[in-house]
Amino acid sequence: MIDLHCHSTSSDGTDDPVVLARLAVEAGLSAFALTDHDILEGIQSAREAANEVGVRLVVGCELSCEVAQGTMHLLVYFLDDRANDPLQERLVALREGRAQRNDRIVERLIDLGLDITLDEVLAEAGSGSVGRPHFASVLCRKGHATSIKDAFDRWLAKGRPGYVERERLEPRDAIDLAHASGAVCVLAHPNSLELTGDALDAFISELSRYGLDGIEAEYARYSRKERDVLHDLAARHDLCVTGGSDYHGTYKPGLSLGTGYGDLAVPDEYLDLLEARRPTSTTP
Ligand code: AMP
Ligand code: FE
Ligand code: FE
Ligand code: ZN
């Protein structure tokens, strides 16, 4: 079993990368991918811990893309965190965009009458990439929400009064950057696109023309039926399937690395098939 989607304290997870490696072994995984948002900072310590406890670490990250509606996240795998590749260059600018957004979210929340400061959010986030779950956690602690989910529903989700846009990659650019960096890319939790039927099929077809490598069909939060629809979609478009928990530690209660909500079991074979799609070196 493997898990190709989780977050550490380097972005919006609450477990250190070292803890994730330990949890992976405890869950009986042969491999796990660390996929922090817009950052590879946690990779080095995840790799050391993974080597020590005997589990394979897949180097990854999760990108947000610009779409007309819904949410599009792209998982990128097999990066070289020690390389100076085009994607990692771009991540620096994306993190700067996050920093600018953080200022504006705090302004919004204060205008809404909530008691919160940027320092509190930065302290919650620690080093690495700051995200809305860190705001959510501070809002909970200060009595402005009863749970992370409640904080999103009331203030932080798209369409709610504390929501602020940030710079995102165009889907095509994100896919190109991944490939130019020797990596493969997979559409994360495809249902967050809020498309179904022919509209979803047409969008996947477009991404597939741009070079998308796979879709995350075995996503912990999805029902068996939803996962099956995504498996069909992948087969129709000659895409790999992957799976993961999207584990965030205590920011997503009830969710475990590897087993998700209890019914996740992603086979090792998915990783082999995905790895076979790695771009071959274009050096003449
Ligand atoms: P950001 O990258 O700062 O825009 O934050 C996005 C992250 O917030 C996602 O990866 C999830 O971890 C989390 N998130 C987004 N929407 C929700 C929601 N409705 N409830 C709980 N967590 C959410
Ligand atoms: Fe997240
Ligand atoms: Fe995501
Ligand atoms: Zn994620």
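## Close-up views of a predicted model

Glutamate 62 and histidine 189 are both buried (buried means under 20% relative accessible area, exposed over 50%, and partly exposed in between, with a 1.4 Å probe and protein chains only). The model is predicted, so local features need pLDDT of at least 70 and side-chain atom pairs count only at pLDDT 80 or more, while totals for chains, interfaces and linings use all residues. Residues are numbered from 1 along each chain as its sequence is written, chains are lettered from A and ligands numbered from 1 in the order in which they are written, and side-chain values use heavy atoms, with hydrogens and water left out.

**View 1. The iron ion (ligand 3) is held by Glu62, His73 and His189.** The contacts run through OE of Glu62, ND1 of His73 and NE2 of His189, at 2.1 to 2.2 Å. Donors here are N, O and S atoms within 2.8 Å of the metal (3.2 Å for Na, K and Ca); water is not among the atoms, so sites may look incomplete. Along the chain, the donors of this ion follow the spacing E-x10-H-x115-H. Glutamate 62 sits in strand β3 (residues 56-65) and histidine 189 in the loop between β5 (184-187) and α8 (197-210), so this pair links distant parts of the chain, 127 residues apart (helices, H or I with at least four residues, and strands, E with at least two, are DSSP runs numbered from the N terminus).

**View 2. The iron ion (ligand 2) has Asp12, His37 and His248 as its protein donors.** Asp12 (OD), His37 (NE2) and His248 (NE2) lie 2.1 to 2.4 Å from the ion, and the donor spacing reads D-x24-H-x210-H. How far apart are the iron ion (ligand 2) and the iron ion (ligand 3)? The separation is 5.4 Å.

**View 3. Cysteine 185 is in no disulfide.** A disulfide is a covalent bond between the sulfur atoms of two cysteines; here one is counted when a pair of cysteine sulfur atoms lies within 2.5 Å. By this rule the count comes to zero. For cysteine 185, the nearest cysteine sulfur is that of cysteine 65, 8.7 Å away. Cysteine 185 is buried, at a relative accessible area of 0%, whereas cysteine 140 is partly exposed, at 22%.

**View 4. The largest pocket holds about 1200 Å³ of space.** On a 1 Å grid over the protein atoms alone, a pocket is an open set of points where a 1.4 Å probe fits, with protein on both sides within 12 Å along at least five of seven lines; lining residues have an atom within 4 Å of a point. Of its 45 lining residues, His73, Arg132, Phe152, Arg221 and Lys252 lie nearest the centre. Helix α6 gives the most to this lining, with four residues.

**View 5. The second largest pocket has a volume of about 190 Å³.** Among the residues lining this pocket are Asn191, Glu194, Leu200 and Arg236. The elements giving two or more residues to the lining are α8 and α9 (224-236), and α9 gives the most, with four.

Key: Points joined across faces, edges and corners; volume = space filled by probe spheres on them.
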